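Please open the structure in your viewer and keep the selection tool at hand. This tour moves from one selection to the next and says what is found at each stop.

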Amino acid sequence: MPTVCERRGGLTFYSLASGLWLLTSQSLPSAYGAEYEACKFFSQLPDDCAAAEHRKFDSLRDYRYEEIDLFARDPLKKVLYVSTYNTTGQNDGEDTRDSAPKSLAQSVDPKRVAKQYQALSASISPPRYWTLDWLSDRVGAVRNFDGLDAAWMGNSLAPRAASAKSGSPAYHTTLVARSAIEGFKKGSQIYLLDDPKGRTWVMVAYTDKDSPGLTIDKLASLGELLKLPQGWKFRTQTLDKELILEPKAGITAVIQDDKENIYHLTGVGQSNFVP
């Protein structure tokens, strides 16, 4: 059974310590839709959802970023939630195409960040690089995290337990609440996974965390590095028209491969066509 993770935009996997946070469908509250749309929680964390404004990021292909997750408990709703911040567009990234420069990112300490914002805990994603060309979503206030600036990009219910006991999350579907619209321009090379059920997944971000030396120019040969399950296939394609990812029902399916690269599902209700 696929798991469900609430998320307004950006990426979809919450990492904490050595495990990947997952939220099962059984743990979703009945008021899931209302909670998601309101994005309003009460705690000592900054309230950055109310003043969020729509923004479009262009020229994102091979743009480096990181995400910071702050976990807190809402005593009124009696739920654990997470505020997610993304460095895209910050730290001179518009000029350098690196919004998480090593000089700043390497000094960010989750414990100090959690103390700074009075969070129960904080987690920092590995550096990632967008493979898509543009992204459109709501973006909120910019906060500083131990020297690294990042903008609010969503509040969501947090998972109740880590997935360390459930093994690797690679090639397992996660259902995600998402409002972001993502696009790949005509002429862009895209990186795809075809699964045994006949579905096609497109990579939206890659990381060199587990593949030192990996660059976007080497992604075409990524299939040689992946340990694909039986029936899975990696391929590339050059688009002859723009590919737009837009989950019509506000829910999309996401997977990651065994190198922690992230893919979104294409198809009916998910994209304008299947590549």
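A residue counts as buried if its relative accessible area is under 20%, as exposed if over 50%, and as partly exposed in between, with a 1.4 Å probe and protein chains only. This is a predicted model, in which local features need pLDDT of at least 70 and side-chain atom pairs count only at pLDDT 80 or more, while totals for chains, interfaces and linings use all residues. Residues are numbered from 1 along each chain as its sequence is written, and side-chain values use heavy atoms, leaving out hydrogens and water.

Phe41 and Tyr81 form a stacked aromatic pair, 4.4 Å centre to centre with 10 degrees between the planes (ring centres of Phe, Tyr or Trp, the last by its six-membered ring, lie within 6.5 Å; planes under 30 degrees apart are stacked, over 60 edge-to-face, the rest tilted).

Next, select Tyr65 and Trp130, another stacked pair, at 4.3 Å centre to centre and 15 degrees between the planes. Tyr65 is buried at 0% relative accessibility, and Trp130 is likewise buried, with a relative accessible area of 0%.

Finally, select Thr200, which is buried with a relative accessible area of 5%. Its side chain is joined to that of Asp194 by a polar contact of 2.8 Å (a pair of N or O atoms within 3.5 Å; within protein, one must be able to donate a hydrogen and the other to accept it, and residues adjacent in sequence count only if both atoms are side-chain atoms).
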